[in-house]
Amino acid sequence: MCRTTGTTLDIFGFKSEFKPQQLAPTRNRTMMHMTFYWGHNLTLLIDSWKTDSWLTYILTLIVCFVFSVFFQFLEDQRLRFKVCSSTTTAVAAIENAPLLYSKLFSDGNRAKFVGSVLFGINSGINYLLMLAVMSFNGGVFVVIVVGLAVGYWLFRSSDDEQVMLLDDSCACC
């Protein structure tokens, strides 16, 4: 049983001091949506990324679209690098590229390192897109799905099937 008497809260015989504002609802905080909603009021990923007008909402949708297309571009580059790094001529080409070549890494470890960095960046973008969809805003969901489809069409649906047949660690890619 719970009853309040003055500034004392009595719960099952345990008395405790409390301040009245502890039980009052907070007005500055908004609850997270648990179902899809359509509207321009949105908080995306961090508290400072809030949209309160249609202009900021449309700019947010454009950013989500660009990031989802960029995700597909990076995934295509990662898969192509994986195919190219297995050939000896590609290893020689990598040694001539200053950003990919480092004397700290041997031939086999260098390709694994660059592939791991690309995979990490791509996984980070993938998780951020997933968290954006988890905002349950219908516009964000539609824009990200369309962006992934457009990115796949632009970068990954070519006739180069050997790149597409590589194992993919993420089921949502």
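**Figure 1. Overview of the chain.** Five helices and five strands make up the secondary structure of the protein chain. This is a predicted model, so take everything below as read off a prediction. Starting at the N terminus, the order of elements is β-β-β-β-β-α-α-α-α-α. Of the 173 residues in the protein chain, 29% are buried.

**Figure 2. Helix α1 against helix α4.** Here we zoom in on α1 (residues 54-84) and α4 (residues 138-156), which pack at about 35° with axes 8 Å apart. The crossing of α1 past α4 is right-handed. Sorted by class, the residues in this contact come out as 16 nonpolar, five polar and four charged.

**Figure 3. A closer look at α4.** The N-terminal end of α4 is capped by N137, with a side-chain oxygen sitting 2.9 Å from the backbone nitrogen of G139. G139 is also one of the buried residues of α4, along with G138, V140, V143, I144, G147, G151 and R156.

Figure 4. An unreviewed UniProt entry places the feature "transmembrane region" at residues 54-74 and 136-155. How much of residues 54-74 is helix, and how much is strand? That stretch is 100% helix and 0% strand, with end C-alpha atoms 30 Å apart. Residues 136-155 come to 90% helix and 0% strand, and there the end C-alpha atoms lie 28 Å apart.

Figure 5. F136 lies in the loop between α3 (107-133) and α4. Its backbone is worth a look: phi of F136 is near 65°, a positive value in a residue other than glycine.

Figure 6. A relative accessible area of 36% makes S157 partly exposed.

**Figure 7. L45, in a loop among the strands.** L45 is found between β4 (42-43) and β5 (50-51), in the loop that joins them. Phi of L45 is near 70°, again a positive value in a residue other than glycine. With a relative accessible area of 43%, L45 is partly exposed.

**Figure 8. T51 and its contact with H40.** T51 sits in strand β5. At a relative accessible area of 3%, T51 is buried. What does the side chain of T51 have 2.5 Å from one of its polar atoms? It is the backbone oxygen of H40.

Definitions and conventions: Residues numbered from 1 in each chain as written. Predicted model: local features only at pLDDT ≥ 70, side-chain atom pairs only at ≥ 80, totals over all residues. Heavy atoms only, no water. Axes fitted to C-alpha atoms, helices over the stretch in contact; angles between N-to-C directions. Helix = DSSP H or I, 4+ residues; strand = E, 2+ residues; numbered from the N terminus. Left-handed = near helix turned anticlockwise from the far one by under 90°. Nonpolar A, V, L, I, M, F, W, Y, C, P; charged D, E, K, R; others polar. Buried < 20%, exposed > 50% of the residue type's maximum accessible area, 1.4 Å probe, protein only. Polar contact = N/O pair within 3.5 Å; in protein donor to acceptor, adjacent residues only side chain to side chain. UniProt positions renumbered as here; feature names shortened; annotations may be inferred.
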